[in-house]
Amino acid sequence: MAGRRRASGTWVVAALCLLLVSLVGCGGRPATDSARAEVQSVLDARAAAILDRDQAAFLRTGDEGWFRNLRALPLADWSYRLTSLHRTGDTATAEAELRYRVRGYDRSPVSAGRTIDLSLDAGGGWYVEAERPAKGSAEQLWDQGRVSVVRGEHSLVMGVGQSEAALRRYAELADDAVPAVSQAWGTEWSRQVVVLVPKSLTGMAGLLGSPASSYRGIAAVTTGETGAPADAPADRIIVNPDAYGVLGATGKQVVLTHEATHVATRAHTTAATPLWLSEGYADWVGYLGSGRSPSQAAPELWHAVTEGRVPEALPADADFGFTGDSGRLARAYEGGWMACRMIAERWGEVRLVEFYRAVSAHEGRAGAVEGALKDVLGTSLEEFTEEWRDYLRARLGG
């Protein structure tokens with residue numbers, strides 16, 4: 001503990017209780033308020049040390065822990081807000097909200113729940129013994145190891161257990177994805193992406209706070225970590241290196257362009273937006289210029305259509321769940337892609353973007369697609385669905 005020692009024995013706590021009992025009682029509100037203020041002060045000092053990259057100052061607040069892991073991160077802000085403190089004698093457990101922002105990339109801070117174990121040192125001050133993700137909160141990349149950083153023209157790639165050369169390749173693909181997305185969607189977005197590359201599928205799952213089984217076979221996902229779509233939140237593209245690594249060059253580019261599309265469309269993706277549209281549009285942008293035919297890009301749906309199993313309706317949100325049914329999931333993505341592809345061919349690429357924005361601008365899910373179909377494309381849901389089913393037959397050979 002960098003030369004600091006905790007008070008030992010029970011007599012210190014007992015004596016303190018005897019001193020306070022006639023005033024407020026041991027563990028009374030003033031003592032609790034005082035402890036909270038002292039712990040918050042320690043967390044403030046810890047945050048300042050991280051921003052200043054001051055190891056000595058950090059060690060004065062507690063164990064070194066993961067301090068070295070995040071030295072390469074270009075941080076603009078880092079702060080803790082104590083939300084609860086549970087004290088037992090000379091030890092305590094704090095719950096806090098960590099808010100941080102990556103310089104040049106995050107307009108809004110990323111928020112994460114943290115659990116912090118503390119103890120009293122010989123001088124009666126609080127000392128951080130350990131810090132970890134709070135229960136129900138996802139890990140941060142530095143929780144998994146030392147973070148390496150590569151900057152691209154339009155990207156920032158952060159990885160753990162990855163070589164600089166590997167991270168550089170991710171940056172190159174991301175740099176190609178950003179202008180491709182802007183050409184399709186427009187330039188009214190940040191036009192830069194942050195990519196996280198953990199060591200393995202297990203690391204990806206940790207960053208998402210979910211079981212690894214939920215993402216096996218999924219090459220990457222995008223998450224708006226601040227949860228404030230209208231304010232251009234700090235999105236992260238999180239890669240599953242196990243699944244991403246087996247893709248060919250075209251597949252890797254399609255995946256990163258797909259995910260970059262989600263970053264671009266975040267401010268116009270709301271509760272009114274069905275997944276067939278948000279995922280289908282991201283796939284449509286991802287496959288632009290790839291040379292992939294419908295049967296090549298939609299093999300599961302191709303098999304179904306050629307066997308006479310043409311879907312009756314557009315994919316439901318539930319079809320996109322990571323339930324282990326890979327065929328169902330693939331057909332949902334492919335069906336959404338084909339719907340967006342049909343709109344682009346039949347009504348034009350500009351109308352496709354207008355349709356997306358019109359759906360998302362609706363107050364809620366009910367009537368959103370129907371209203372946008374009528375106002376933007378001049379059709380009904382029934383007519384659109386039948387045209388989509390005919391389009392599947394025509395393009396997939398059913």
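Q: How many salt bridges does the structure hold?
A: The model is predicted: local features need pLDDT of at least 70, side-chain atom pairs count only at pLDDT 80 or more, and totals for chains, interfaces and linings use all residues. Residues are numbered from 1 along each chain as its sequence is written, and side-chain values use heavy atoms, with hydrogens and water left out. A salt bridge is a side-chain nitrogen of Lys or Arg within 4 Å of a carboxyl oxygen of Asp or Glu. The number of salt bridges in the structure is 21.

Q: Which residue forms a salt bridge with R68?
A: R68 has a relative accessible area of 36% and is partly exposed (buried means under 20% relative accessible area, exposed over 50%, partly exposed in between, with a 1.4 Å probe and protein chains only). The closest N and O atoms of the pair are 2.7 Å apart, and the partner is E64.

Q: How many residues apart are D117 and R132?
A: The side chains of D117 and R132 meet in a salt bridge, at 2.6 Å from N to O. This pair links distant parts of the chain, with D117 in strand 3 (residues 110-120) and R132 in strand 4; strands are DSSP runs of E of at least two residues and helices are runs of H or I of at least four, numbered from the N terminus. D117 is partly exposed at 22%, as is R132 at 36%.

Q: Which helix holds both E354 and R351?
A: A salt bridge joins the side chains of E354 and R351, with 3.6 Å from N to O. E354 is partly exposed at 38% relative accessibility, and R351 is partly exposed at 35%. Because they lie three residues apart in one helix, about one helical turn separates them; the helix is helix 12 (residues 349-360).

Q: Which strands stand at the edges of the open sheet?
A: The open sheet has four strands in the order 1-2-3-4, with antiparallel pairing, where two strands pair if DSSP finds at least two bridges between them. Each edge strand has a single partner strand, so one side of each is left without a neighbour in the sheet; these are strand 1 (75-88) and strand 4 (126-133).

Q: Which residue of strand 2 is the bridge partner of H86?
A: Strand 1 and strand 2 (residues 91-102) run antiparallel and are joined by twelve bridges. In strand 2, the bridge partner of H86 is T93.
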